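Here are some exercises to work through with the model open beside you. Try each task before you read its solution.

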Amino acid sequence: MLLRFTVENYLIFREAATLSMEAVARIDKDKAADSVFQQGKYALLKSAAIFGANGSGKSSLIRAMELMQRMIIHSARESQANDEIDVQPFKLSEASRMAPSAFEAEFLIGSDAYRYGFEATRKEIVSEWLYLSELSGREKRLFERERSSIELGKAFAEGKGLAQRTRPNALFISVAAQFNGPVASKVLRWASGMHIISGLDDRHFQVETLELMEQDPAFAERVSQLVRSADTGISGLRISKKPQLPGVRPPEAMEWAVTSIHEPQPDGEMPVEFDLEEESEGTRKFFRMAGPVLRALQEGSILVVDELDARLHPSLVRVLVRLFNFAETNPRNAQLIFATHTTHLLDADMLRRDQIWFTEKSSIFDARLYSLAEFRPEGKAKVRNDAAYERNYLKGRYGGVPELFDFAGPLLDAKQRYDQANPQD
């Protein structure tokens, strides 16, 4: 489970920005109370929605999470000694361009709470750390790294002798996991269990949905049920594999065929079959999303989605979010973190105030991240749980909306100048 994620000096985030999945205790009377679950001493949120104008940092936050995940899993085994690290510091400040980017995650593995993070430039890991939170609330150091110097705590004996095996552009935690260190392996498995996808690239995870359906008939039936519930007109799905055309790919390569089945009209006699590609973009997107969504719910894992609502009706987006928020459909307490423009989700019956997050650009074009639970309009009290969230957001009262200018005036002026320069006969 994720407790918090922090990023600093990466892409549009110049200052540190923290997304917290811990529930705010003083707002437990919010209507969407089923969105919280207890794990040990922690009250955690099942979902978090990130709103904001285009270019305000929503995707940058998710890219930061993906970069951290990728570094933990792959930096020790897949990077070469001279490979650059894929960090991009905030470019609009000379001081930021010269400083490292920082990433930190706090998370639960069973009953253990860890805090892990690192700082990196494009050339090297500048610092890295891992702590274990004890029941008393104090932190136990497992290891600390300053460039090539790595100090181990007594509880991280698995790291002995691995400092010299750690390249400047690789994470020590990744190296320790490659040598089967028990704690490092747990951290790597946690990172691997976080599924990060883009709603704009749904073809990428169609194969995942199909493979899960093929492996597990019960999973395939759940996908069909979910698609049926979305008012797509589809009553059933059938999947199969067909050989590729000769010369296109290796002969052993296979291509998926997905058939959607529709019940006949009153004057029909037999169900009508369509190739999935004949369905609408929204229907195909919903089908492709079914695999990652249902897998996260089945595993109790973390699903992070950029542009969740792309090509989906707002009602279908609400369906997906409710799957995570309700105990009946999310008994394993999976977590959903997503970026969206669907303002219909800004509803007290749908999301608690601590589940609603905004990104906003400042006057120097860096981003800040804040939740509705902590938002306080200048000189006013914090937002009440009976406020009209959507209406107030669209009016700009919470920030996180684009600052629009007069487009019509310049266009009309340009047309007038063109007409004057090109008089008609």
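**Exercise 1. Describe how helix α7 packs against helix α8, and list the residues that make the contact.**

Step 1: start with the geometry. Helix α7 (residues 281-299) and helix α8 (residues 314-325) pack at about 10 degrees, and their axes lie 10 Å apart. Axes here are lines fitted to C-alpha atoms, for helices over the stretch in contact, with angles from 0 to 180 degrees between N-to-C directions. Helices (H or I, at least four residues) and strands (E, at least two) are DSSP runs, numbered from the N terminus.

Step 2: find the partners. On the α7 side they are Phe-286, Met-289, Val-293, Ala-296 and Leu-297, and on the α8 side Leu-316, Leu-320, Leu-323 and Phe-324. Contact means heavy atoms within 4.5 Å.

Step 3: sort them by class. This contact of α7 with α8 has 9 nonpolar, no polar and no charged residues. Ala, Val, Leu, Ile, Met, Phe, Trp, Tyr, Cys and Pro count as nonpolar, Asp, Glu, Lys and Arg as charged, and the others, Gly among them, as polar.

A word on the ground rules: the model is predicted, so local features need pLDDT of at least 70 and side-chain atom pairs count only at pLDDT 80 or more, while totals for chains, interfaces and linings use all residues. Residues are numbered from 1 along each chain as its sequence is written, and side-chain values use heavy atoms, leaving out hydrogens and water.

**Exercise 2. Locate the largest nonpolar core and the residues with the most contacts inside it.**

Step 1: the largest nonpolar core has 63 residues, and Phe-5, Phe-103, Tyr-116, Phe-156 and Ile-173 have the most contacts inside it. Such a core is a set of buried Ala, Val, Leu, Ile, Met, Phe, Trp, Tyr and Cys residues joined through side-chain atoms within 4.5 Å. Buried means under 20% relative accessible area, exposed over 50%, partly exposed in between (1.4 Å probe, protein chains only).

Step 2: helix α1 (residues 58-78) supplies the largest share of this core, 10 residues.

Step 3: zoom in on Phe-156. Not counting residues up to four places away in sequence, Phe-156 touches Leu-130, Leu-142, Phe-143, Phe-172, Ile-173, Ala-176, Val-183 and Ala-184.

**Exercise 3. Is Lys-285 buried or exposed, and what does it contact?**

Step 1: Lys-285 sits in helix α7. With a relative accessible area of 0%, Lys-285 is buried.

Step 2: beyond its neighbours within four places in sequence, Lys-285 is in contact with Gly-199, Asp-202, Glu-307, Leu-308, Asp-309, Ala-310, Arg-311 and Leu-312.

**Exercise 4. Where is Leu-11, and what is its phi?**

Step 1: Leu-11 is in the loop between β1 (2-8) and β2 (17-20).

Step 2: its phi is positive, about 55 degrees, although Leu-11 is not a glycine. Most residues other than glycine have a negative phi.

Step 3: Leu-11 counts as buried, at 15% relative accessibility.
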